[in-house]
Amino acid sequence: MNANSTLRRVLMATACGVAFLGAGRAAAQEITEVVVTGSRIPRAEQDALAPLQTLTAARIDARGFTNLADALNDIPAMGVPVSPISDQGLFGAGRNFVNLNNLGTNRTLVLVNGRRFVGGNPASIFSGASAGGQVDLNTLPTALIDRVEVIQAGGSAVYGSDAIAGVVNVILKDRFDGVELDGRYGWSAGGYDDWRARLTAGRSFAGDRLHLMGSYEYSQNAALSFADRKAGNRSLVFAANPANRSSSDNIPGSILIENRRLPEITLGGLPFRVAGGAIQPLTIVVGGVRVPAQFGPGGALIPYDPGVAYQPSIAAGGQGLDTAPLTTLVTPVKRHVATGFATYDITDRVRARAELFYARAEAVEPYNQPIFNAPLFTGTSAQLTMSTANPFLPAASRAAILAQPVALTPDPNSPGDVIFLLSRASPELGPNRTSSETETWRGLVGLEGDFELSGRQGFWNLSFSQAQADGHFEQPNIVQSRFAQAVNVTRDASGAIVCRDPAARAAGCVPLNLFGEGAPSDAAIAWIGTLFRSDFKLLQTIYQGNAGLDVAQLPAGPWRIAGGFEARYEKSDLNPNDAQERGVGRQAAISAVSGKYDTREAYIETRVPLLGGDFAFPLAEALEIEAAYRVIDHSRSGNDRAWTYGGRWRPVRDLTFRAQKGRSFRAPAVTELFLPRATAFISGTVDPCDARNIGLGPNPATRAANCQAAFQAAGLPANFQLTGQATTIAGTVSGDPDLQNETARQWSAGVVYTPAQLPGLTLSFDWTDVRLTDAITAFSLTNILQACYDTPGGNPDACSRFQRGGATLAANRRGQVLQTGEVTAAGPAAGPATGFVNAGYVDFEGFTAAARYGSPVEDLLGGALRNLWGGDPGRLDVDFQLTHVQRLATSITGYDLNTDQGEIGAPKWRWRTEIGYDREPVSLVWATTWIDRSRYNNDYVFETRYPLTVDDYMVHDIAGAVALDRFTGGTPLKGVKARFAVRNLFNVEPPYGATTPDAGASAGTYDVLGRYYQVGLTARF
């Protein structure tokens, strides 16, 4: 279905339906305003300058969301999150970070009661999320939420760093009286379930001056692999099209195939030889015919079906390695969240406040890529060289290998034996499970109050908070040196199989058998195994104060100002254990990271009503302006500022126009600042000055001029012909303590329509534009070279990060990028310095539209339904939200460009509709979500691959609740409410093709569980 025609149909249906329902409705009713805190100056939701959406606790409970992140990610404006869905980062299992408008989880500021909360993102480039202070929503309670406000493209002038995409403000209840018990259990076919239990209590004392309340909740969910769901178990992948003949034959170069296998690898082991640069499985005779062989149970050679080969590492079908069972779809997370709050009215105008948050989260990523030894890899992960003299090899298998029709290479150390190669995936050895444990606590004390000054009202508050998130990540791994000793085996004088190396035997070496799935013994696994563990800690201390005052009573209303200060101290540490820091396994060594910074900030904002109330004119019933300005003194990135200004104009009572413009920023994170310099082996580099590339790029003349200047600076002729780039270059990677803030210019403009003839209806439309510059980016060597040579006049910072070989070096090193330690006339070269830099940009343009309508059913259709069901026909509420992404473009160097709008995870169109009906004792909600047809990548064309897109997607949910005490006369089930929910009611799978490796964002975009049921009980007394 075409997106534009779908949009027209939805808008027309919504408008016509609302008009029909409300036709003939009698007297207009007063619209209830909800006070929001997107500014320190309170205002109604429709009075906000920036696009704002409110998510109420009632809606969260009605839909059956057991985690705040799930409720937020249901909002159409939310992009692809970091969540327990799909693969996790090495230091990120189970985390829940939201991503507003796909501008980045680290550019979406999450607040609690308008104040910052401690982050949950460890200081590592392996966390699976961009470096930053993202709040893990697993740590926030659901029981005490009053509402959540999501503000787009605003908030930095009031709240500070990180609010480039916007602000998610979690506002908790101020009071809770009584006791509430709540339990939910949910399940989906195929072995998935989850549940949550929570207790909330509150009471007032001392004549209502002291109020105490708190909550505790526990939740957990089961694990799933991709093989546990039909869409994932299809193992879809793009493969080379055997019908393709050239790059201009109008035949796609790649096509989508099912049942992908890695034909070069099996779980039991694949014996092979290399001939003519290609691998050839060894064979056995079956029924008089030679067929490929693999190691089966007990090391026996059995037939092997390699499937239909398409290209290296890709075959359709066969018995090669299936990665679906080894890939996590859902990570199980266990959450404990406890809170305690106290308020005490010292006087009628002064209140003391104390808050305590505690959360513990445990997560295990149950499926992960195993230890490989295969021809697809190099180094320690390459195939193993084996001999038929290996005593673990059964006699029949040895004889079959010796009887190959083309003789194998003789084993020089064992006459009569031969050498063969072994390819194997070894999940028995690890690292196939990554676990995390995190404890988070935050304490806050404060004073707040209101006052009157010469008849003008004001408020103030002061607070101090201390917070900490700490925990660890663990992953089983191997000690590579022990692995090499354990696979090199022989028999001793007694005939026992032992490790060949006497020193290894003396150290306790246990021989390792790799012939057949499950062959390694527990003792051998224990000998070669080790545990990687990294401990982390994040500390946050904040002193904050705010005050506001009605400065003067103007004809149109009070002129208000607010201002405040914040002093914030942040520290983050990551400390790997010895095994992980030394990199004794197959992964890169992980360096310890430690860093801290502090920031002192102050702001002021004002709101001035120019027209309004009795002071109004034709086409100017109301007019107001507002502005905010913030100054920042950051210990690392220096001084900066954020500001916003805008206004609202209401020409007639029903119609309001609003617009705002601002400047926001994101300060560099600890990882970006303090990642220590470490050796890195850089591969896949594309050198712009290579003779094959010098005439390319966004501006070939600029590139050529800069390259010629670089050659001359190295003592080479300007027309030097550089060829033969090195495959791998030794360099370094690090953070940069001199990074500056990312900055963004934002504006939004919109309209709100509340027609008097349809009380209860609100229509809104807002266009948003964000232009981010000086983006903090992890620069590769390719990025560095592009930034250096594609920038007019050269980029001094980028160009200083590497050296080129001069005329005094060997011919094959002249003009080349020098690696670390390479000897030059000036001494050893430093090598290329990769890492974090300020460069590039992100552009976002799009709009959000909403239609909300709520009414008693008795007022619909001119009152025709007034007498339905005994004169109590209930209430109807409709909420429609639409997001359109016009442009989402990213540049890493500032001269490349990647457009993401319309791709999987960033659809051009997305909408959600909720229709709610309430009539005591029953309430029902029907929700529908639609996602536009999306492309894999905007750079692909039919000539390169097919298909180019996945279909649009629609899913329906239904939820309801029944107040049981209405059926029991109030006892013994007083205050008990039964709940149910069915998500993905029609069991709609993700669009075909959306689960390929090329569609990595799909797991955070489409429902992966299938039809999901939930039941629950809530009791309050």
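**Briefing on a predicted chain of 1021 residues**

Of the contacts in the chain with a separation of 6 or more, 71% are accounted for by residues 24 or more positions apart, contact meaning heavy atoms within 4.5 Å. This is a predicted model, in which local features need pLDDT of at least 70 and side-chain atom pairs count only at pLDDT 80 or more, while totals for chains, interfaces and linings use all residues. Residues are numbered from 1 along each chain as its sequence is written, and side-chain values use heavy atoms, with hydrogens and water left out.

**Overall form**

- The secondary structure comes to 15 helices and 56 strands, taken as DSSP runs numbered from the N terminus, with at least four residues for helices (H or I) and at least two for strands (E).
- The radius of gyration of the chain is 32 Å, close to the 31 Å that the globule rule gives for 1021 residues, so the chain is as compact as a globular protein of that length; the radius is taken over C-alpha atoms, and the rule is 2.2 Å times the number of residues to the power 0.38.
- Taken along the principal axes, the C-alpha atoms fill a box of roughly 105 × 75 × 60 Å.
- Of the 1021 residues, 54% count as buried, where buried means under 20% relative accessible area, exposed over 50%, and partly exposed in between (1.4 Å probe, protein chains only).

**Nonpolar cores**

- The largest nonpolar core has 63 residues, of which L68, L72 and V168 touch the most other members; such a core is a set of buried Ala, Val, Leu, Ile, Met, Phe, Trp, Tyr and Cys residues joined through side-chain atoms within 4.5 Å.
- Helix α3 (residues 68-73) gives the most to this core, with four residues.
- When neighbours within four places in sequence are left aside, the contacts of V168 include L72, M78, V98 and V110.
- A second, separate core of 28 residues includes I401, V487, A504 and C509.

**An open sheet**

- Five strands form an open sheet with mixed pairing, in the order β3-β6-β7-β4-β5; two strands pair if DSSP finds at least two bridges between them.
- The edge strands are β3 (52-56) and β5 (115-116), each of which pairs on one side only.
- Strand β3 runs antiparallel to β6 (residues 145-152), to which five bridges join it, and the bridge partner of Q53 in β6 is V150.

**Salt bridges**

- The count comes to 66 salt bridges, a salt bridge being a side-chain nitrogen of Lys or Arg within 4 Å of a carboxyl oxygen of Asp or Glu.
- The side chains of R360 and E439 meet in one of these, at 3.4 Å from N to O; R360 lies in strand β24 (residues 350-365) and E439 in strand β28 (residues 434-453), so the pair ties together parts that are 79 residues apart in sequence.
- Both partners are partly exposed, R360 with a relative accessible area of 23% and E439 with 31%.
- R568 forms a salt bridge with E570, with the closest N and O atoms 3.0 Å apart; R568 counts as buried at 4% relative accessibility, and E570 is buried at 15%.
- A further salt bridge joins E621 to R650, with the closest N and O atoms 4.0 Å apart, and this pair links distant parts of the chain, E621 being in the loop between β34 (593-611) and β35 (622-634) and R650 in strand β36 (residues 638-652), 29 residues apart.
- Salt bridges that share partners join R59, R63, D74, R852, D879, R912, E914 and D957 into one network.

- T541 lies in strand β32 (residues 529-554) and is buried, with a relative accessible area of 13%.
- The side chain of T541 makes a polar contact with the side chain of Q466 at 2.9 Å; a polar contact is a pair of N or O atoms within 3.5 Å, where within protein one must be able to donate a hydrogen and the other to accept it, and residues adjacent in sequence count only if both atoms are side-chain atoms.
- Not counting residues up to four places away in sequence, T541 touches F464, S465, Q466, A567, R568 and Y569.
- Q457 belongs to strand β29 (residues 456-478) and counts as partly exposed at 37% relative accessibility.
- The side chain of Q457 makes a polar contact with that of E452 at 3.3 Å, and the contacts of Q457 beyond four places in sequence are R349, F451, E452, G548, L549 and D550.
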